[in-house]
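Hi,

Here is the structure I promised to pass on. Have a look at it first, and then read my notes below.

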Amino acid sequence: MTRFETAFAKEINGKRRAALVCFITGGDGDTAANLDALVEGGADVIELGMPFTDPMADGPAIQEANIRSLDAGTKTADIFRMASEFRARHPQVPLVLMGYANPMIARGADWFANECAKAGVDGVICVDIPPEEDAELGPALREKSVSLIRLATPTTDATRLPAVLEGSSGFLYYVSVAGVTGMQQAAQGSIEDAVAKLKAASTIPVAVGFGVRTPEQASAIAKVADGVVVGSALVDLVKQHGNEAPEHLRALTSALAEAVHAAR
Amino acid sequence: MTAPTPVNSFRTLPDETGHFGQFGGRYVAETLMPLILDLEKEYRKAQQDPAFWAEFDALMKDFVGRPSPLYFAPRMTDYFRAKAPAGKGPKIYFKREELNHTGAHKINNCIGQILLAIRMGKTKIIAETGAGQHGVATATVAARFGLPCKIFMGAKDIERQKPNVFRMKLLGAEVISCESGSQSLKDSMNDALRYWVANVHDTFYIIGTAAGPHPYPELVRDFQSIIGKETREQILEKEGRLPDMLVAAVGGGSNAIGLFHPFLDDPEVQMTGIEAAGHGIDTDKHAASLTGGKPGILHGNKTYLLQDEDGQITEAHSISAGLDYPGLGPEHSWLHESGRVNYVPITDTEALEAFQLCCELEGIIPALESSHALAALPQLTAEMDEDKLLVVNVSGRGDKDIFTVAEALGVEL
């Protein structure tokens with residue numbers, strides 16, 4: 001079983017439980033300590049953001065985290081160092097790199113896929129490579145058995161969905177609102193409808209994100225989805241608490257994990 | 001890097017996936033993909049619809065004031081002929097896009113796109129702007145068609161282009177200040193894309209240059225090609241033959257592609273695109289993405305970009321706000337690699353000199369963007385025989401730039 005399969009197959013009281021997916025931006029604060037806090041708090045999957053100068057799909061919280069990270073001098077090499085050190089400390093926890101196309105292809109897709117494999121990265125989310133441009137990154141990742149995790153959105157209709165699912169693996173990330181990260185949350189009813197449609201079409205788990213901040217929201221989503229993604233709320237804690245962030249991250253992650261794992 | 005596509009024609013691209021060789025494409029978030037595909041479908045229909053083009057042509061004539069003149073510049077011609085070696089110094093013509101309504105070529109594209117927006121049933125308009133010319137042109141067509149309009153503009157550009165900000169407000173647009181990053185054109189495009197993603201159901205994004213995700217580079221080029229089509233007719237009428245050299249400034253590159261595209265398959269017509277070299281291409285303050293950049297992905301397309309070894313976008317600099325962008329349209333990247341167009345960097349200082357020369361010799365105050373094109377004349381005229389014909393695209397008027405120029409010349413107004 002892959003790390004993703006294990007993470008999404010965990011059970012509680014004999015029932016399959018939903019997974020908690022936690023995002024922070026690499027190089028924003030003490031990333032190693034922050035990642036450890038997320039795992040200790042109960043995160044099942046980690047998304048590590050690769051900073052980019054022009055994060056077009058992100059709201060203010062993650063935009064600022066990108067700028068803080070780059071201003072602190074974070075390089076692509078640092079992100080891979082963080083990833084491989086994480087892998088050494090946490091052999092079982094799936095690790096996803098999330099970011100934008102240009103830093104991923106700057107040295108060539110093959111180079112990037114190879115570094116991912118070497119660092120023990122399980123999957124990659126690239127915000128601005130839709131299925132139509134898969135050739136840019138997808139073949140290189142699949143060659144190295146690194147999952148390409150695609151995004152589905154409220155605007156992804158039934159005719160597009162097969163193209164989105166084709167070549168994607170690990171899990172499917174359902175962006176529940178048409179918008180940027182960290183803004184409003186979608187209505188629960190619309191999430192339930194969308195997840196039902198995606199799960200009917202897909203053999204891989206469906207995780208839902210964008211705008212999820214509280215255990216209550218996470219619990220509601222975890223009733224229907226295979227995973228719940230939380231990002232901006234965690235990134236806000238890193239901004240607010242700097243080097244003291246780990247204890248706050250651990251506390252929020254624990255509350256979220258408890259809500260997600262016990263939702264069904 | 002893939003080899004340039006072998007072609008018999010330079011005018012058949014983009015291909016059906018929106019690529020010009022390795023450049024172009026549709027690198028956008030999934031949320032935008034369905035709309036981008038809809039836009040392409042609607043544009044294909046519009047292309048075949050005589051009623052669409054009849055409305056476009058009528059607005060071009062009576063609202064924009066086209067055709068813009070092709071003007072023989074006698075004193076510039078004499079000036080450079082006198083400085084050139086014996087027998088050198090071609091006849092210089094200006095394509096007078098600065099005489100259009102709103103003072104630049106930008107309006108051509110805005111008319112085309114707002115007609116598409118209306119066909120698609122979109123009720124709100126957004127746009128990004130650098131110098132403010134595209135913002136003013138968008139606000140103008142939004143007012144003309146009665147659609148609410150938001151213009152995203154970098155905080156730094158709002159400061160250096162105050163007259164255009166006021167113009168947009170007079171035209172009823174809401175100007176939204178972008179405070180992130182370098183607070184200039186690139187950041188206004190980021191914020192416009194962020195807004196669009198959240199409002200994609202009712203909002204049409206009028207992109208101002210021949211860049212962004214397919215089909216924007218193609219449709220912007222097609223709307224701007226009226227520049228080259230008119231130039232072709234006008235020079236044939238005046239000189240009985242095609243020009244030998246076309247010159248245009250390239251920021252995103254819409255005025256240049258508009259002039260060049262109708263001539264791309266005429267091998268006797270040479271073309272020079274001018275990139276903004278800021279303080280010089282050997283400094284870190286320039287906007288010459290072909291000379292100083294490499295291919296990458298930003299704002300929905302693959303093209304040459306100013307970037308570091310990690311693929312982080314580096315900040316562009318030009319005295320001209322309209323050229324202050326770290327990339328350019330994908331078709332220019334392809335024309336560069338295929339060798340069809342020669343791209344040359346021009347510095348802030350050279351552009352300022354050309355700006356003054358044009359004012360003094362021709363009684364025309366050119367935009368700083370167009371001044372970059374004019375600044376290529378000393379070198380080009382020294383190399384071309386005097387029976388040759390050269391056309392410069394004077395893409396915009398310089399009224400908006402007088403404060404910047406005064407400051408650069410140390411003049412207090």
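How many bridges join strand β10 of chain B to β13(B)? There are 6, and the two strands, with β10 covering residues 270-278, run parallel. Here strands (E, at least two residues) and helices (H or I, at least four) are DSSP runs numbered from the N terminus, and two strands pair if DSSP finds at least two bridges between them. Along that pairing, Ala276(B) sits opposite Ile346(B) of β13(B).

Before you go on: this is a predicted model, where local features need pLDDT of at least 70, side-chain atom pairs count only at pLDDT 80 or more, and totals for chains, interfaces and linings use all residues. Residues are numbered from 1 along each chain as its sequence is written, while chains are lettered from A and ligands numbered from 1 in the order in which they are written.

Both strands belong to an open, mixed sheet of 6 strands in chain B, ordered β3-β4-β14-β9-β10-β13. β3 (70-72) and β13 (342-347) are at the edges with a single partner strand each, so one side of each has no neighbour in the sheet.

Now the two chains: 32 residues of chain A are in contact with 28 of chain B (contact means C-beta atoms, placed from the backbone, within 7 Å). On chain A's side, α5(A) gives the largest share, 4 residues.

Finally, in chain B, α4(B) passes α9(B) in a right-handed crossing (the near helix is turned clockwise from the far one by less than a right angle). Asn108(B), Asn109(B) and Gly112(B) of α4(B) meet Leu219(B), Val220(B), Phe223(B) and Gln224(B) of α9(B).

Cheers
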